[in-house]
Amino acid sequence: MGLSGPESETLKQRRTEITSRGLPKQKRIEGVKQVIVVASGKGGVGKSTTAVNLALALATNSKAVGLLDADVYGPSVPKMMNLKGNPELSQRSLMRPLLNYGIACMSMGFLVEESTPVVWRGLMVMSAIEKLLRQVDWGQLDYLVIDMPPGTGDVQLSISQNIPISGAIIVSTPQDIALIDAHKGAEMFRKVHVPVLGLVQNMSVFQCPKCKHKTHIFGDDGARKLAQTLDLDVLGDIPLHLNIREASDTGQPIVFSQPESDVAKAYLKIAAEVVRRLPLPLE
């Protein structure tokens, strides 16, 4: 039997107060001016490759950039950035990021063996994320790019509620099954008051290297249709290209190893669009 009247209103107020007390207060990461998260509704859409190349593209304008791999279960940044080893500790007992290509990187992949699975329950994962956010000496950064795990779970919510995020980028392929989850990802960020800067349409087209014929393997312009539904822009299109995969697998990201290629220029264009949409950084 439901309650009504003043008693019902009082219970609602008490629930609101309890919920409010339980939410963590956002606190900036020391030394970091702006945080950009790269997310996807599902795995396998090229999110980590986008995050790595976005970080490198942002750094081309003489900006100090960091890259945080928040995918505890499947960290990709160490291999893509050609980094191995354990972080050293500063005098304040903070972990120092590993450096390559001018990017400061931190990942759970630096703390566990590459072939060792992370078999943790939610609370342990949250503790690890807290350490990656708060116990790293980032120095002074213009941008910290966070490679989120796929989906809309605890890690995404924890990061969104703990630190102020300047903007989120949603990566998707054009196929319907990926776009359904990308839609959920964008709506999640809106619910936690994180501005969504736009969508990146990955694997948008394949061009045969021999005959140059173009094929839309995963569909044609699906991300643009979703962007219209969400009242967002598509920040750019990344083709399905062999060089992207080879560069990532060898730890030579394409923005670094082939900066004059059309693919690298596509990432650079996306970085420029991201910067244009960011709010002014807090000093």
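The axes of helices α6 and α7 come within 11 Å and cross at roughly 35 degrees. This is a predicted model, in which local features need pLDDT of at least 70, side-chain atom pairs count only at pLDDT 80 or more, and totals for chains, interfaces and linings use all residues. Residues are numbered from 1 along each chain as its sequence is written, and side-chain values use heavy atoms, with hydrogens and water left out. Helices (H or I, at least four residues) and strands (E, at least two) are DSSP runs numbered from the N terminus.

**Overall chain**
- The protein chain contains 10 helices and 10 strands.
- Of its 283 residues, 48% count as buried, meaning under 20% relative accessible area with a 1.4 Å probe and protein chains only.
- Among contacts (heavy atoms within 4.5 Å) with a separation of 6 or more, 75% come from residues 24 or more positions apart.

**Helix α6 and its surroundings**
- Helix α6 (residues 176-191) has 16 residues and spans 23 Å from its first C-alpha to its last, close to the 22 Å expected at 1.5 Å a residue; the expected span is 1.5 Å times one less than the number of residues.
- Its buried residues are A178, L179, D181, A182, G185, A186, M188 and F189.
- These buried residues pack against β1 (32-39), α5 (154-162), β6 (167-172), β7 (196-202) and α7 (222-230).
- Just after α6, H193 takes a positive phi of about 65 degrees.

**Packing of α6 with α7**
- The crossing of α6 and α7 is right-handed, that is, the near helix is turned clockwise from the far one by less than a right angle.
- L179, A182, H183, A186, E187 and R190 of α6 meet G222, A223, L226, T229 and L230 of α7.
- By class, this contact has six nonpolar, three polar and two charged residues; Ala, Val, Leu, Ile, Met, Phe, Trp, Tyr, Cys and Pro count as nonpolar, Asp, Glu, Lys and Arg as charged, and the others, Gly among them, as polar.

**Packing of α4 with α5**
- Helix α4 (residues 122-134) packs with α5 at an angle of about 40 degrees, with the axes 10 Å apart.
- The crossing of α4 and α5 is right-handed.
- V125, M126, I129, E130, L133 and R134 of α4 contact D154, V155, S158, I159 and N162 of α5.
- The residues of this contact comprise six nonpolar, two polar and three charged.

**Residue S261**
- S261 lies in the loop between α9 (254-257) and α10 (262-277).
- S261 counts as buried because its relative accessibility is 17%.
- S261 and N243 are 18 residues apart in sequence and 9.7 Å apart in space, C-alpha to C-alpha.

Definitions and conventions. Buried < 20%, exposed > 50% of the residue type's maximum accessible area, 1.4 Å probe, protein only. Axes fitted to C-alpha atoms, helices over the stretch in contact; angles between N-to-C directions.
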